[in-house]
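Trainee: I would like a close look at one part of this model, the surroundings of the ligands. Please take me through it step by step.

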Amino acid sequence: MQKKLRLGLPKGSLQESTFQLFKRAGFNISVRSRSYFPSIDDPEIEVVLMRAQEIPRYVNEGVLDAGLSGLDWILENEADVVEVANLAYSKQTNNPIRVVLAVSEYSDIQTVKDLEGKRIATELVRLTRNYLKKNGVTASVEFSYGATEVKVPHLVDAIVDLTETGSSLRANKLKVIDTLLESTTRLHANKQAWDDPFKKEKLQNLAVLLLGALRADSKVGLKMNLPKDKLDDILTILPAMKHPTVSQLINSDWLALETILDEKQVRDLIPSLRRAGAQDIIEYPLNKVIP
Ligand SMILES: Nc1ncnc2c1ncn2[C@@H]1O[C@H](COP(=O)(O)OP(=O)(O)OP(=O)(O)O)[C@@H](O)[C@H]1O
Ligand SMILES: O=P(O)(O)OC[C@H]1O[C@H](OP(=O)(O)OP(=O)(O)O)[C@H](O)[C@@H]1O
Ligand SMILES: [Mg+2]
């Protein structure tokens, strides 16, 4: 029988960005509507689509060999799992999300200490209780099914919720008074699965490909031609940590130079390179960057 890795992928906020990342890593996943068993074009993986809240618990219990979910839900579930890869992507960006304590813009509450005897709504009940305990504050923490922001100030005094772009907080006139946690998506595994050589190797391979695809997101390749006598000038412009490849163009005094760099550096760099004598500059996207 074909050996398989049973992998839980998050339905909900992270679904779209997760599927896209897998695609860039070389795996095509397709879901038929209402099916929670998507197909993946790798016979050694079985995918189960599940809520991000529950994945760490099922990984911990061994129902899943591994899964992807946020660090927030791994901690909330107190799941004792092996972290295989820290994948820095969220719903909309590649920034970590923050789990924050927020109150109304007009509230007098300034720090966690002011929450003594107050009411707090959150999806992350255990995380919030631990945080209050650590700060020596006694307050009532109630579970919220979502849309938590609208509960302040009429139903509760404060919320603990996650924020990515900050637009939900702004739209509901809330201010952040503390950050409990920064969270990114984690590929995590069940301990027994990690002891199985087939599953461990499969997970390690998956981690290399996913991290490679993620790293490539913010990088581009840059190629250009330059006269030999301009090489030193051009090398001083290029970011210092890079070791560009320099090759000789046939039958000429020109060189070709190729390097990989952060996409955000390119905007400033290209005009300077042009001014320093580089020509035929091309920028291209990358699929994977594996160090
Ligand atoms: N912008 C974001 N909004 C919500 N969750 C995000 C975001 N970016 C990353 N995540 C991560 O996705 C997971 C959220 O999944 P979860 O299943 O709790 O909620 P959801 O998919 O937003 O569903 P619901 O609509 O019920 O809130 C968490 O681990 C969280 O850290
Ligand atoms: O900082 P932002 O980019 O605005 O993102 C944060 C919002 O996204 C999530 O909501 P979600 O879409 O999961 O709905 P929910 O509130 O029902 O959980 C989260 O609970 C915040 O409300
Ligand atoms: Mg949510």
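Mentor: Helices (H or I, at least four residues) and strands (E, at least two) are DSSP runs, numbered from the N terminus. This is a predicted model, in which local features need pLDDT of at least 70 and side-chain atom pairs pLDDT 80 or more, while totals for chains, interfaces and linings use all residues. Residues are numbered from 1 along each chain as its sequence is written, chains are lettered from A and ligands numbered from 1 in the order written, and side-chain values use heavy atoms, with hydrogens and water left out.

Start with ligand 2. Its shell holds 15 residues (a heavy atom within 4 Å). Glu 149, Glu 164, Thr 165, Gly 166 and Ser 168 come nearest. Which element gives the largest share of this shell? β10 does, with three residues. β10 runs over 158-163, α5 over 167-171, and each supplies at least two shell residues. By class, the shell around ligand 2 has two nonpolar, eight polar and five charged residues. Here Ala, Val, Leu, Ile, Met, Phe, Trp, Tyr, Cys and Pro are nonpolar, Asp, Glu, Lys and Arg charged, and the others, Gly among them, polar.

Now the polar contacts (N or O pairs within 3.5 Å). The side chain of Glu 149 places an N or O atom 2.4 Å from an oxygen of ligand 2. For the side chain of Thr 165, the distance to a ligand 2 oxygen is 2.5 Å. Glu 164 takes part through its backbone, with a polar atom 2.8 Å from an oxygen of ligand 2. Ligand 2 alone exposes 490 Å², and the protein buries 73% of that (Shrake-Rupley, 1.4 Å probe).

Glu 164 leads on to ligand 1. Among the 15 residues around that ligand, Ser 13, Arg 51, Gln 53, Asp 72 and Glu 164 come nearest. This time the side chain of Glu 164 is involved, with an N or O atom 2.5 Å from a nitrogen of ligand 1. The side chains of Ser 13 and Gln 53 each put an N or O atom 2.5 Å from an oxygen of ligand 1. On its own, ligand 1 has 600 Å² of accessible area, of which the protein covers 80%. Its shell divides into five nonpolar, five polar and five charged residues.

Next, the domains, whose bounds come from an automatic or database assignment. The chain has domain 1 (5-94 + 185-216), domain 2 (97-183) and domain 3 (219-285). Domain 1 and domain 2 each give at least three residues to the shell around ligand 2. The C-alpha centres of domain 2 and domain 3 lie 49 Å apart.

Finally, check the backbone. Most residues other than glycine have a negative phi, and most peptide bonds are trans. The loop between β9 (140-143) and β10 holds Ala 147 and Pro 153. Ala 147 has a positive phi, near 45°. Val 152 and Pro 153 are joined by a cis peptide bond, with omega about 5°. Glu 78, in the loop between α3 (71-76) and β6 (82-87), also has a positive phi, about 45°.

How values were computed
Polar contact = N/O pair within 3.5 Å; in protein donor to acceptor, adjacent residues only side chain to side chain.
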